[in-house]
Each structure stands twice: as C-alpha cells, then as structure tokens.
Amino acid sequence: MTTDLKTENTAKPWQRLHEADHELYALCEQELTRQRQGLELIASENFAPSTVITALANVFMNKYAEGLPAKRYYGGCSVTDDLECLAIERAKKLFNSSYANVQPHSGAQANAAALMALASPNDKILALDLAHGGHLTHGSAVNFSGRFYQSHFYGVCDRSGILDYERIAACAKEVQPQVIIAGASAYSRCIDFQKFHHISKEVGAYLLVDMAHIAGLVAAGVHPSPLPWADVVTTTTHKTLRGPRSGLMLWNNADLSTKLNKGVFPGTQGGPMQHVIVAKALCFKEAMHSSFVEYQRQTIANAKALAAEFERQGLAVLTGGTDNHLVLLDLSATKFSGKFAEQVLESAAISVNKNMIPGDKRSPMITSGVRIGTPAVTTRGMREQEMVTIATFIQRALENANNADYLVVLKHEVEAFAANFPLYPEW
C-alpha cells in the first residue's frame, strides 16, 4: 500500500465486536481477507486509508443536526456546526469551489437533491444513455430520475465510442431540456465540460455534472474540472477520491445556494450523518497532499498500461484506450457475456463488474461488456508492470473459463501475487 495510507494505529475499528458479536466480527475479518487476497478491479471501488475508516467510528454518530450550520432544527449543535464548516471549507479549497454541501449520504442522493433544485416534476432532462456509459440516476426508467422527470438521452459515436458534441448539441436543441447532465459511470475518455456549458446555455438549460468517478482525478488536477462550467457538480467521496462512502455537492453561483441546500434538506434527506462528515473532512485533507497527486497520475498510467496490454492480447477495448481510471472491454465478438466473464474472474479472485456497451443486445443483468478500474490496485502500490501481469491473469482466466481445476490454480497464483502488495498491514 502507498506510504501515505499507513498509520501507527494498530487497532481494527471493529476489534471490540470480537466479544460483543462474534458473528459480525467474523464477517468483518472475512471481508478483510477477501480484499487482501484478491485483485479489486471494480472502477467504482477503492481502499480508503485506515485513518478514514477509523474516523467513521466517532461520537458524532449520536447527534441529530437537521438544517445547516447556525440554522439547525435541534439544539446542542455548536460543535457539529464547527465540524460541518470545517468539512465545507476543505471541500471548497480542494475543488476550488465557492460553495459546498457536505450532507448528501451518497452520489445518488446528491443527484436527487440537485435535480429537485433545478427542475420541477415532469420537466425534461437530457443525459448520457445508460448503455453508453451513463448512470442509473441520470434518467433511467427504473430510477426516481426517470419516474419523476421526462428523460431523454444522448449517446456516443457508434464507430469511435466517444462523445460527439455536435450531435449532443443537436439533441439538446430538439429536446429543449431544463437540465443537461454530463458525467458518466462507464466512459473512459475526458469529457469537455466547456462544450457542455455552451450547449446548455444555448438552449437555456442548467448544467449538472456528476463527477463521481473522476473526482479524485479532478482534485489532483490531472483531469479537467467541471467547476468553472457547471451550475452544480455532484460526486461521491469514495471511488478515486479515496474517502468514505458518501456524497458531496459543489457550485459557484450564489443565486442557486438556497435551492441546492433545500434540495438536500428538507427536499431529499433528513438528518445528516455527521459521523461520516468527519471522515469526509479527513478525506479532503488527505487529497491535498502531493502524494495524492502522484497517486492519481499513477492511477491513469496504470489504466493506460492495462488497456494497451488488453489490446496487445487481442481483447477489444472500447474507444481504443482510456484517459482516466477505467477500461471498458467489449466482449460482443467473443463467446462470453459480461456476467459470465465477471463470474469466471471472481472464481480466480479478480473482482470486476459486468457493464453494458453501446448497442448492447443483452440485458443490463447480462451485458456484453466488462468495466475494469485501477484505483484500488494503484492504492496497493501496483504500477505499469503489474498491469501487464493482471491483464495476463484475466486473459488466462477467460481462455480457461470452463476448466475449474485451472481456475483454482490461477486463483492461488493471483493470491500469491496480491500478497506482494500488503493491504492494511497495520491491522
């Protein structure tokens, strides 16, 4: 694990469960073992520093604090106000933002709050199609965003798999949405937020950017920031940002502050999880270190190395490569579905997730693609040469997908490889 994640604290946060509830303690130990022994390649997952994990267990768990600092619906919030103000100031500094709301429980909650602030029920929203790399909360019919708003979608170019901004502009002129959503959960190229800004202004729409996947890259300055161009930016605080599982909302326009804050509370949430805000504040501080910038650069370098090795081995990579932390494999020309590939790789101690690809003929539960990310393995200290090894593991697993004995041997090989990069050695 990279040196900035180490801590002198040797006590596991769940250590006291050993006597209080041996079943829960055993599950925590089993999950730690799983994370240590395998290769975590799910693009939306990462390993938070043990300090951040420990910070989640604190006395702010006991405090209700509905409202905003100095505007609470409960008494006894003076220290809570100081905590939340500290987290807000750190978030603003990290992302060069004028305003922040650190209360969203998740990225999905942040998106719900932002949409409530910017749109009315049955208004039109325009976002990236789920099969082209979009997110469930960007208008999917099975989600609140698709049930409460009229959802319209733009896609990527059929040939290149890359966003075509002229087509997006034409789509926006036709749809005339109230909100345009930029951002993705499975898009491997840099997004031109300035172009989205011009498109949104041309049709009189608000621009909401969901940067959940790339927040760490943006914080480190290795990916363009949406903050100068968006009306509001939402994000998670885990993934590349390497913090606790939670959400965040950022913006620069003071005129939107009341709407956006009310979108969180009372619009979509009750009391904020102040104990999680402690861990978020620590996460923001960690992300200001120079080592965090180097980590993000290595995350991208690792993704590029992984994509290049996949292509060298004959596996199809969507868009022909990557600009960020993730790689999308197109299995449509193979005998594998994304679901089958995910299951085969999990049997070899490699965690990935099935993912739809543009024009996918399979259902979202089956898919024809696999999404792979490098944040977690980079956190463990792996570099480009290890990405070549990982790509080879994946290739070997798929080539021997129906050979259970081979996969058992490969799993032991993967676990021996992972052991060279200790995870949470202080525990």
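This is a predicted model: local features need pLDDT of at least 70, side-chain atom pairs count only at pLDDT 80 or more; totals for chains, interfaces and linings use all residues.

Author: Residues are numbered from 1 along each chain as its sequence is written, and side-chain values use heavy atoms, with hydrogens and water left out.

Reader: Which residues of helix H7 are buried?

Author: Buried means under 20% relative accessible area, exposed over 50%, and partly exposed in between, with a 1.4 Å probe and protein chains only. Helices (H or I, at least four residues) and strands (E, at least two) are DSSP runs numbered from the N terminus. In H7, residues 165–175, the buried set is Tyr165, Ile168, Ala169, Cys171, Ala172 and Val175. Viewed down the axis of H7, these residues fall within an arc of 160°, taken from the directions from the helix axis to the C-beta atoms, so they line one face of the helix. Glu166 and Glu174, on the other side of H7, are exposed.

Reader: What do the buried residues of H7 pack against?

Author: Contact means heavy atoms within 4.5 Å. The partners of the buried residues are strand E5 (124–128), strand E6 (150–154), strand E7 (179–182) and helix H8 (193–203).

Reader: How is the packing of two helices described?

Author: Two packed helices are described by the angle between their axes and the distance between the axes. The axes are lines fitted to C-alpha atoms over the stretch in contact, and angles run from 0 to 180 degrees between N-to-C directions. H7 and H8 pack at an angle of about 20°, with their axes 9 Å apart. They are therefore roughly parallel to each other, a term for angles under 35 degrees. Their crossing is right-handed, meaning that the near helix is turned clockwise from the far one by less than a right angle.

Reader: At what angle do the axes of H4 and H11 cross?

Author: The axes of helix H4 (residues 78–95) and helix H11 (residues 274–286) cross at roughly 35° and come within 9 Å. This crossing is left-handed, the near helix being turned anticlockwise. Among the residues making the contact are Leu83 and Ala87 of H4 and Ile277 and Ala281 of H11.

Reader: Is Ser351 buried or exposed?

Author: Ser351, found in strand E13 (residues 350–351), is buried, with a relative accessible area of 15%. Not counting residues up to four places away in sequence, Ser351 touches Arg34, Leu39, Glu40, Leu41 and Ile42.

Note on methods. Angles under 35 degrees count as roughly parallel, over 145 as roughly antiparallel, 65 to 115 as roughly perpendicular and the rest as oblique.
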